[in-house]
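Trainee: Could you take me through one part of this model up close? I would like to follow a single strand and its partners.

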Amino acid sequence: MCNLYSLTRSQDAMRQLFRVRRDLSGNLPLLPAIYPDTMAPVVRLAPDGERELSLMRWGFPPPPNLGKVPVTNVRNLGSPYWRGWLKAEWRCLVPATSFCEWTDSRPKVTNWFALDERRPLFAFAGIWRLWTGERKGEAREHRTFSFLTTEANETVRPIHAKAMPVLLTTPEEWDIWLGGSKKRRRCKGPRPTIC
């Protein structure tokens, strides 16, 4: 499962590509390594329908009685715990330029995947929520996000057979996801390239 990704395109590139009308993220640096429980930019529909870029913490609080480790990747969409968060108001796009999967070998080997060698922007199909609790020493209300995974495709499967993030690469896919389509389809978009 993906627990490391990068975002190495400018904030302005994100605003333009994802048609963001409101940017609440401040002055963002390039993010070559985004790990769980860190802050990263997310695009969501604000209550007024405008696309908004804001910072959220990567990792949902886990289901009750399953420990305290944040959930970064959502696989079991049939679980009652996730159903409510799949509604349109909780969907988001998680901008990225590449993601990492580790081999199941010892020692583990990192492998980076991108749409092509230029590492253009794309988005993971994400969900977000408000949560009150302690994260990184801060007891307060947090905005958290996670992203959906799907069956690994033929490019990722030899490295990590379990799953890969759902990649959304076109304006149509972004609109469908943010608009709340419940149609579940297999990720048939572009195959990521090993970098």
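Mentor: Start with a term. Two strands count as paired if DSSP finds at least two bridges between them. Keep in mind that the model is predicted.

Take strand S10, residues 122–135. S10 is mostly covered, with eleven of its 14 residues buried. Buried here means under 20% relative accessible area.

Now go through the partners of S10. Begin with S11, residues 138–150. Ten bridges join S10 to S11, and the two run antiparallel. For a landmark, find Glu134: its bridge partner in S11 is Ala139. The link between these strands is a hairpin, with two residues between S10 and S11. Look at Lys136 in that turn; Lys136 has a positive phi of about 55°.

Next comes S7, residues 91–96. S7 pairs with S10 over six bridges, again in the antiparallel sense. Here the landmark is Val94, whose bridge partner in S10 is Phe124.

Then there is S13, residues 167–168. Two bridges join S13 to S10, and these strands run antiparallel. Find Ala123 and step across: Leu168 in S13 is its bridge partner.

An α-helix has 3.6 residues a turn, so residues three or four places apart point the same way. Exposed means over 50% relative accessible area. Just after H3, Gly180 takes a positive phi of about 100°.

For comparison, look at strand S8, residues 98–102. S8 is mostly covered too: four of its five residues are buried. Strand S1, residues 5–7, is joined to S8 by two bridges, and the pair runs antiparallel. Ser6 stands opposite Ser98 in S8. S8 also pairs with S9, residues 110–114, in the antiparallel sense. Four bridges make up that pairing. Check Glu101, which stands opposite Asn111 in S9.

Back to where we began. S10 has antiparallel bridges to S11, to S7 and to S13.

Methods
Residues numbered from 1 in each chain as written. Predicted model: local features only at pLDDT ≥ 70, side-chain atom pairs only at ≥ 80, totals over all residues. Heavy atoms only, no water. Buried < 20%, exposed > 50% of the residue type's maximum accessible area, 1.4 Å probe, protein only.
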